[in-house]
Amino acid sequence: MKSQSLMALAVLTSFGFSSVVQAADAVPDAVAAAVKDAGRSPIDMLRDKDRKPADVVAFSGIKAGDVVVDFVPGNGYYTRIIAKIVGPKGHYYGVIPLADGVRDGEAYRAKQEADRKAGKEVQPISVDRLLAIQNIADYSNVTALWETMWQYGGQFSTPEQLDAVFAWNIYHDLHIKTDFGIPDVAIIDKRIFDSMKPGGLFT
């Protein structure tokens, strides 16, 4: 993760962004508290020993009041952590790609149902995990966003300018065939940087 983050920050610098990143060995109290928060799933907490979320999030530089995108958040492992760090004055957006060729959530669910009836293996829709968190009062600063990333070469859009984009263990998937297609990574990067405030962090 550290090497991926350093690579992303090098790209960020080449786009003219400046940043100050928290050293991974200096975990802020707010990050440590968010990782230990009782609202997190016990299953997620069991993974902490291997994933070291406190070090990862400390390295990202995310802080209270930030508007953050968690880019392709998967099962939402980092959702509760980041939402607690940014707090009520910040906001967490989980950007989740729609499947390749599927233009909206209704069509996605219809495709899932058709696959299920055809006897195909159907994976849980990851947006549902974030919607479940979004509907908890303690996480009212969480918003799930479905994105047709595959359209027009590459799409990435948010309701407001961002302080940070957090992409844990996903950036490499933009270069391979996944259920959300193979977007043009250069276009995705440009859209991400366009969505960020000056000095924003992309890790």
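In what order do the elements of the protein chain run from the N terminus on? They run α-α-α-α-β-α-β-α-α-β-β-α-β. Points on the model follow.

1. **Basis.** This is a predicted model: local features need pLDDT of at least 70, side-chain atom pairs count only at pLDDT 80 or more, and totals for chains, interfaces and linings use all residues. Residues are numbered from 1 along each chain as its sequence is written, and side-chain values use heavy atoms, with hydrogens and water left out. The protein chain has eight helices and five strands. Helices (H or I, at least four residues) and strands (E, at least two) are DSSP runs, numbered from the N terminus.

2. **Confidence.** pLDDT is the predictor's confidence in each residue, from 0 to 100. Its mean over the protein chain is 82, and 78% of the residues reach 70 or more. Among the elements, helix α1 (residues 2-14) has the lowest mean, 42. Helix α5 (residues 79-86) has the highest, 97.

3. Over residues 1-24, pLDDT stays under 50. The model still has 41 contacts (heavy atoms within 4.5 Å) for this stretch beyond four places in sequence. Where pLDDT is low, the predicted coordinates should not be read in detail.

4. **Burial and contact range.** Buried means under 20% relative accessible area, exposed over 50%, and partly exposed in between (1.4 Å probe, protein chains only). Of the 203 residues in the protein chain, 47% are buried. Take the contacts between residues at least 6 apart in sequence: 72% join residues at least 24 apart.

5. **The sheet.** Five strands form an open sheet in the order β3-β2-β1-β4-β5, with parallel pairing. The edge strands are β3 (142-147) and β5, each pairing on one side only. Neighbouring strands are turned by 25° against each other on average, direction ignored. Two strands count as paired if DSSP finds at least two bridges between them. Axes are lines fitted to C-alpha atoms, for helices over the stretch in contact, and angles run from 0 to 180 degrees between N-to-C directions.

6. **Bridges, strand by strand.** Six bridges join β2 to β3. Here P97 has E147 of β3 as its bridge partner. β1 and β2 share five bridges. Three bridges join strand β1 (residues 67-71) to β4. β4 and strand β5 (residues 196-202) also pair over three bridges. L162 stands opposite M196 in β5.

7. **Strand β4.** β4 (residues 162-166) is likewise largely enclosed by the rest of the structure, because five of its five residues are buried.

8. **Y93.** This residue lies in strand β2 (residues 91-97). Is Y93 buried or exposed? Y93 is buried, with a relative accessible area of 7%. Leaving out residues up to four places away in sequence, Y93 touches V67, V68, V69, D70, T143, L145, P159, E160 and L162. Y93 and V165 are 72 residues apart in sequence, yet their C-alpha atoms are 9.4 Å apart in space.

9. **Helices across the sheet.** α5 lies across β1, β2, β3 and β4, running at about 150° to β2. Helix α7 (residues 126-134) lies across β2 and β3, at about 160° to β3.

10. **Helix α8.** In α8 (residues 185-194), the residues V185, I188, D189, I192 and F193 are buried. Seen down the axis, the buried residues of α8 fall within an arc of 130°, so they line one face of the helix. The arc is that of the directions from the helix axis to the C-beta atoms.

11. **Q112.** Helix α6 (residues 105-117) holds Q112. Q112 is buried, with a relative accessible area of 11%. Beyond its neighbours within four places in sequence, Q112 is in contact with V122, Q123 and I125.

12. **After α3.** Just after α3, K52 takes a positive phi of about 50°.
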